[in-house]
Amino acid sequence: ALHDRVEGLVVHLVGTGISSRDLGRMIAHLNDRILIRLITLLRSARYPDLTGRFAFIVLGSEGRREQTLATDQDNAIIHANDLTPDELKRLEEFANELIDNLIAIGVPACPGGIMAKNAQWRRSLDEWSEVLNHWLSNPISDNILHGSMLFDLRTLFGDPALEQSLKEHIAARLQIEPMFLRYAAANVLRFKTPLGMFGRIKVEKAGQHRGLLDVKKAGIFALTEGIKVLALEAGIMEGGTRERLSALVDAGVFNRSRADDMETCFNTLVFFRLRSQVMAVRAGREPSNFIDLQHFTRTEKGRLKLAL
């Protein structure tokens, strides 16, 4: 019921003049509170003996606090290196039940399996460090994807010292493995801006999304991932896209004008995605990253082109 009410609140607030930045933060905050409450209830009712020496972390857009209405699960667990077999077994049972409960209240499972119930996303601090060493020294497509998700980690429940230790390891290792960031940047550049002759916006030509624009693939991904790569290169591990932009200005990577332009583009694309998702919910459809330009005024199309 609470999950549905959050969606209803967002549907109500879009179009009232509240910025996409504030809406995104509100969605993230309310989703955080629901998840923390679910963990608290589950521990109290079923796992009073559960160790406290772990961190339940959220990743990707959830870790950056940039969620919209079409968000699935991306989470993991970091635990202490010296848990006993019994403690590990209880932690596994807890993780399985927690993720199943999340699915039950309406938070979809991650199609790629990036969830704490899966053993590869539930490791000790030392095991995570070893896995990261492997990913960073072998920048193939899957390793870039998984590394990028993990770089956005944020502790939602548990011991934040585990998150901090892993972030320090990542920052130090990236100094040794700079090629990973080059491959990650090249991966971002594969997504071409969908603008054709005379600034015409290219849409899907076939399939179920014919005539629509995937706004995440068109621009949001390039901004979030490109800014993340530049931030990691500068040793910046904290925050979401907007916070990283400010930190890059402080680090001298961008001037303020350039950063403001990019943030405006990001906010514009996120707003159009969120508005489209709200329209889908009102029409009884599943929200997605696709937007229909037929619903855009000429001025809005101009804003979209400028952002792209």
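These notebook entries record what I looked up in a predicted model.

**Conventions.** I number residues from 1 along each chain as its sequence is written, and I use heavy atoms for side-chain values, with hydrogens and water left out. In this predicted model, local features need pLDDT of at least 70 and side-chain atom pairs count only at pLDDT 80 or more, while totals for chains, interfaces and linings use all residues.

**Entry 1: the sheet.** I looked up the strand order first. Four strands form an open sheet, ordered E3-E2-E1-E4, with mixed pairing. Helices (H or I, at least four residues) and strands (E, at least two) are DSSP runs numbered from the N terminus, and two strands pair if DSSP finds at least two bridges between them. Strand E3 (122-124) and strand E4 (154-158) are the edges; each has a single partner strand, so one side of each lacks a neighbour in the sheet. On average, neighbouring strands are turned by 30° against each other, direction ignored.

**Entry 2: strand pairs.** I then went through the bridges.
- E2 (residues 75-79) and E3 run parallel and are joined by three bridges; Ile78 has Arg123 as its bridge partner in E3.
- E1 and E2 run antiparallel, with five bridges; Ala55 has Ile78 as its bridge partner in E2.
- E1 and E4 also run antiparallel, with four bridges; Ile57 stands opposite Thr155 in E4.

**Entry 3: cover on the sheet.** Is E1 buried or exposed? I find five of its five residues buried, where buried means under 20% relative accessible area, exposed over 50% and partly exposed in between (1.4 Å probe, protein chains only). Phe54, Phe56 and Val58 lie on one side of E1 and Ala55 and Ile57 on the other, and both faces are covered. Helix H4 (residues 85-104) lies across strand E1 (54-58), E2 and E3, and runs at about 165° to E2. H5 also packs on the sheet, where it touches E2 and E3, and its direction makes about 105° with that of E3.

**Entry 4: H5 against H6.** Two packed helices are described by the angle and the distance between their axes. Axes are lines fitted to C-alpha atoms, for helices over the stretch in contact, and angles run from 0 to 180 degrees between N-to-C directions. Helix H5 (residues 125-137) packs on helix H6 (residues 141-151) at about 130°, with the axes 9 Å apart. H5 is therefore oblique to H6; angles under 35 degrees count as roughly parallel, over 145 as roughly antiparallel, 65 to 115 as roughly perpendicular and the rest as oblique. From H5, the contact (heavy atoms within 4.5 Å) involves Trp128, Leu132, His134, Trp135 and Leu136, and from H6 Asn143, His146, Gly147, Leu150 and Phe151.

**Entry 5: H6 against H8.** How do the axes of H6 and helix H8 (residues 179-189) cross? I find that they come within 10 Å and cross at roughly 100°, so H6 and H8 are roughly perpendicular. Asn143, Ile144, Gly147 and Phe151 of H6 meet Phe180, Tyr183, Ala184 and Asn187 of H8.

**Entry 6: Ile18.** I located Ile18 in the loop between helix H1 (2-13) and helix H2 (20-46). Ile18 counts as partly exposed because its relative accessibility is 34%. Not counting residues up to four places away in sequence, Ile18 touches Leu13 and Leu23. Ile18 and Arg242 are 224 residues apart in sequence and 17 Å apart in space, C-alpha to C-alpha.
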